Amino acid sequence: MIVGIDLGTTHSLVSVWKDGGPRLVPNPLGSVLTPSCVGIDDDGQVLIGEAARERLQTHPLRTASLFKRYMGSTRIQRLAERDYRPEELSALVLRALKADAEAFLGEPVTEAVITVPAYFSDAQRKATRVAGELAGLKVERLLNEPTAAALAYGLHEGRAETQFLVFDLGGGTFDVSILEMFDGVMEVRASAGDNMLGGEDFTHLLVEQAFAHGIPDQARADATFMQRLVARAETAKRELGASGNASIDVHWQDHATVVTFDAPAFEKLAQPLLDRLWRPIERALRDARIRAADLDNIVLAGGATRMPMIRALATRMFGRFPAVGLNPDEVVALGAAVQAGLKMKDKALEETVMTDVCPYTLGTDVARRLDNGSHAEGFYAPIIQRNTVVPVSRVQRFFPMSPQQKTIRIGVYQGESRLVRDNIPLGEVEVPVEPGPGHDQGVDVRFTYDVNGLLEVEVTVVATATVQRLVIESGQAHMSTEEIGRRLAELSALKIHPRDTMENRTLLAKAERLYELLLGEARDQVGQMILRFEQTLATQDERAIARDVHHFRDALKAIEAGSHFAPDPVN
Amino acid sequence: MEGPWFLQVLGLPPYADVAAVRRAYAQALRRIDPSADPDGFARLREAYETARAWCEQVGAEEHDADTPSREAASQDAQAEGGNTGTDESAPSAGSDARREAALLTEAFVSGVRTGDAAHAVDLLERTIAELRTRYIDAPGELEERLIDLIAGQDLPHRAALFDAATALFHWEDIGQLAPLGERGQWVEAVIVQQSLWMQGDPVQRRQWLDPVIRAAVPIDAPLAGHWPVVDRLCTQYPQWIGLHLHHTVARAWKASFEALATPVQQKYRQKATTQAKPRAPAKVRRRFSLPWFGLVIALGALSHLGQAIFNDHGLATFSLPWSGQDDTPETCAELYRQLSRKDAFAGITDRAARELTHRGEQCERNGYWHPVPRTDSH
């Protein structure tokens, strides 16, 4: 059985293709959204999802979130006594989703389709695949998120022939894809995006306002304060969306301020972010060679498209209202299940095929000889042009600059600038070219880009027919097979809270957060509740636990709903 | 089976339309697993893309053959009206936005005509920012309009505007110009010529360009003597020099020079040739090249128009692409059909090719560049 996984910046989902349709799998708390958070509790056990998210505020040094943003980099996060790479944190989330799917299906799950932002680079994609391996999942396919959304939407619409645009603003990334559907073929015409633009950036704007209103910068070093502020800003962002007004009470040591917003003020603040949405859309339209007026529909994906200002902007941009009908939080995961169904050659999908593109240009660097005999370096020679249908393999021949040259260095870059310094370096390889006869025959450089978006570079010295393959390594981010094996063993040794205790852990984490938040009588009350619940848990009497969980949950809900205290101030 | 290779790969008879090609491709795609058989997929994909391009070309030719009359043209116009009808079904903000964008564009054009270069650049930036708040296609429409105005020498401060537009519209990015068709080719040509120009000696460049920038009608006698140099620049950098030199000035300059006594003309010609070392265009080898060169060649293959101008390094006499005769909508339509044919430039002289190209550009600038005569200009 292959499952579909939307490994998101803030939330992740798992889905399966079952009974001729995509189905979302609930987690132990009954929700299909599992926060992409990992924490280590006081006993050194790993908590994943909602329980970890609750602990972000109470245990910021033992809890991690937003690690998708660092995939493909060497950034390491220390939780309790161990350093974690972004791949490992993602792997822990994947592992929880895998367990959910196994519980749902009643059979082991070993293969997955995992979605990635279309604009994810080679290093980020490789890191995602490694995360899958570390979670014990064979990654059958890395699927671009907007393409997944399009698969779900296309199937949902069931129209024979249509052109549409997917506007996918997630927690941390922005992607645009333009698709054409005909005769059961779903063809991505163009994709573009921004890897560092998402809903979190909008939350961050509100966070910064606290510092603009009298909270000193030293407070940034206070991890607990910062997590609380972020959580409060997140709530404020949602309130702004729902009611058009929000305020944040912020206290830090003896500093206090109230930041109040209305929707127009927030939009003004967000203008620089909104401006960054244009470029990828313009580029995708341009590359697909169609005008916005020729599109049949605009499909929104990603939780951040719930923000009214994003919806209004999309409406203004395209002069029409975006399609509603599929939940933007869920559409990518549904599409991942469709791809899993395609992979399993499910009967219901016999007539559907999908092709995707390489969203960015891949090339090498070249030097250019000038009139005066000198030469200038650092020019970019594209080998695979962006928005070429994948899989694709292209070869180009390059020549040494001088007859004495002993080696040719081939740099591999991704990007659209004509100068390599403005593009992203992916790796490089040096091949020997023997001076002498045949020296000037040069080298053939072959770039192969597969359906998963992974690049392979092969250099052939024409004269000697020797072949060299380039392992793309981005800095130190690359992990060797041995290292993956070692980390896999280490991760397996970690104690993870079993699924069936997840709800209890989540409730306790939430209670602890409320305890720290509240004062006076209410605080004592929560303290009593925690103590009582822990005692019940210690008895291991399942019936007693089941009964108490019920009370505990309702009581916490009542407290959180605000009947016991004013809107939660930060600290 | 007979027929072109791409139709054979798709299992189609020697003749097929777009719908048949798409259906055949869809069928074949179901039988192939791109990840398991990338070579087979690449072959299918190439056949499909070639076949689609082929169908479109054949379709366009047939369309031309089918619609020689004015009635057909008006039917066409009605059909287009139908298309805009779907735009109006969008929220009413859409058509308001379009009207506002049109007003903004007009304000930009008249603003540039009245202010200085810095003002023009500033206005361009502000107009793009404003247009972006209207609808997504609006900046692209300004971009096309701007290229038409600069290429047609219909605006002052062309050099400054071109540089600003290069940055604002990311013209130097890979693949950015290809979707602009002939306009993109024109921009490409200017950028390539500009980079060749920039390779020269800065002092020399200054000496050559200064008179061009200073020049205004009437051309006085000392300035007239610069003509042989300017003439050479016009030949080497025809599109780029057009940013600095208006064609009316060039014509007046040439006339003033020819009014000089023959020995004086000779002297200036002599001076111009000794001054300028014969410079071959930058010698480029692989591991090497200006990235745009490849693109220019690839673009050139799409249409003969831009290439004909661009390759015209060997010009001896003064001739700017925009100095053609005046065509009517009817003759423009005729020319369009003529130049759309694959063999349009086969077996004719450079001069004739240039002539055709110039007329084509003129037609386009006047808004008559359509397969059928249209009297509305934009």
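# A tour of two chains

Start with chain A, where α1(A) crosses α12(A) in a left-handed manner. Keep in mind along the way that this is a predicted model.

**Stop 1: α1 and α12 of chain A.** Select residues 50-58 of chain A for helix α1, and residues 502-517 of chain A for helix α12. The two axes are 8 Å apart and meet at an angle of about 20 degrees. Because angles under 35 degrees count as roughly parallel, α1(A) is roughly parallel to α12(A). Now show the side chains. From α1(A), the residues in the contact are Glu50(A), Ala51(A), Glu54(A), Arg55(A), Gln57(A) and Thr58(A). Their partners in α12(A) include Met502(A), Arg505(A), Ala509(A), Arg513(A) and Glu516(A). Colour this contact by class and you will find 3 nonpolar, 3 polar and 8 charged residues.

**Stop 2: α2 and α3 of chain A.** Next, select residues 86-105 of chain A, which form helix α2, together with residues 122-134 of chain A, which form helix α3. Here the packing angle is about 50 degrees, and the axes lie 8 Å apart. That angle makes α2(A) oblique to α3(A). As for handedness, α2(A) and α3(A) cross in a right-handed way. On the α2(A) side, look for Pro86(A), Glu87(A), Glu88(A), Ser90(A), Ala91(A) and Leu94(A). Facing them from α3(A) are Ala127(A), Val130(A), Ala131(A), Gly132(A) and Leu134(A). By class, this contact of α2(A) with α3(A) has 7 nonpolar, 2 polar and 2 charged residues.

**Stop 3: two backbone details in chain A.** Zoom in on Leu66(A), in the loop between β7 (63-65) and β8 (77-79) of chain A. Leu66(A) is not a glycine, yet its phi is positive, at about 60 degrees. Most residues other than glycine have a negative phi, and most peptide bonds are trans. Leu66(A) counts as partly exposed because it has 17 C-beta neighbours inside 10 Å. Then move to Pro391(A), in the loop between β22 (388-389) and β23 of chain A. The peptide bond leading from Val390(A) to Pro391(A) is cis, and its omega is near 0 degrees.

**Stop 4: the domains.** Zoom out and colour chain A by domain: domain 1 covers 2-197 + 276-357, domain 2 covers 199-273, domain 3 covers 360-470 and domain 4 covers 499-563. Between the C-alpha centres of domain 3 and domain 4 of chain A there are 61 Å. In chain B, colour 1-62 as domain 1 and 94-169 as domain 2. The C-alpha centres of these two domains of chain B are separated by 41 Å.

**Stop 5: α8 of chain B.** Finish with residues 158-168 of chain B, helix α8. Which of its residues are buried? They are Arg158(B), Leu161(B), Phe162(B), Ala164(B) and Ala165(B). Their cover includes α6 (117-132), α7 (138-151) and α9 (181-198) of chain B. In the loop between α7 and α8 of chain B you will find Gln153(B), which has a positive phi of about 55 degrees. Just after α8(B), His170(B) also has a positive phi of about 55 degrees.

Conventions
Residues numbered from 1 in each chain as written. Chains lettered and ligands numbered in written order. Predicted model: local features only at pLDDT ≥ 70, side-chain atom pairs only at ≥ 80, totals over all residues. Buried ≥ 20, exposed ≤ 12 C-beta atoms within 10 Å, placed from the backbone. Helix = DSSP H or I, 4+ residues; strand = E, 2+ residues; numbered from the N terminus. Contact = placed C-beta atoms within 7 Å. Domains from an automatic or database assignment. Axes fitted to C-alpha atoms, helices over the stretch in contact; angles between N-to-C directions. Parallel < 35°, antiparallel > 145°, perpendicular 65-115°, else oblique. Left-handed = near helix turned anticlockwise from the far one by under 90°. Nonpolar A, V, L, I, M, F, W, Y, C, P; charged D, E, K, R; others polar.
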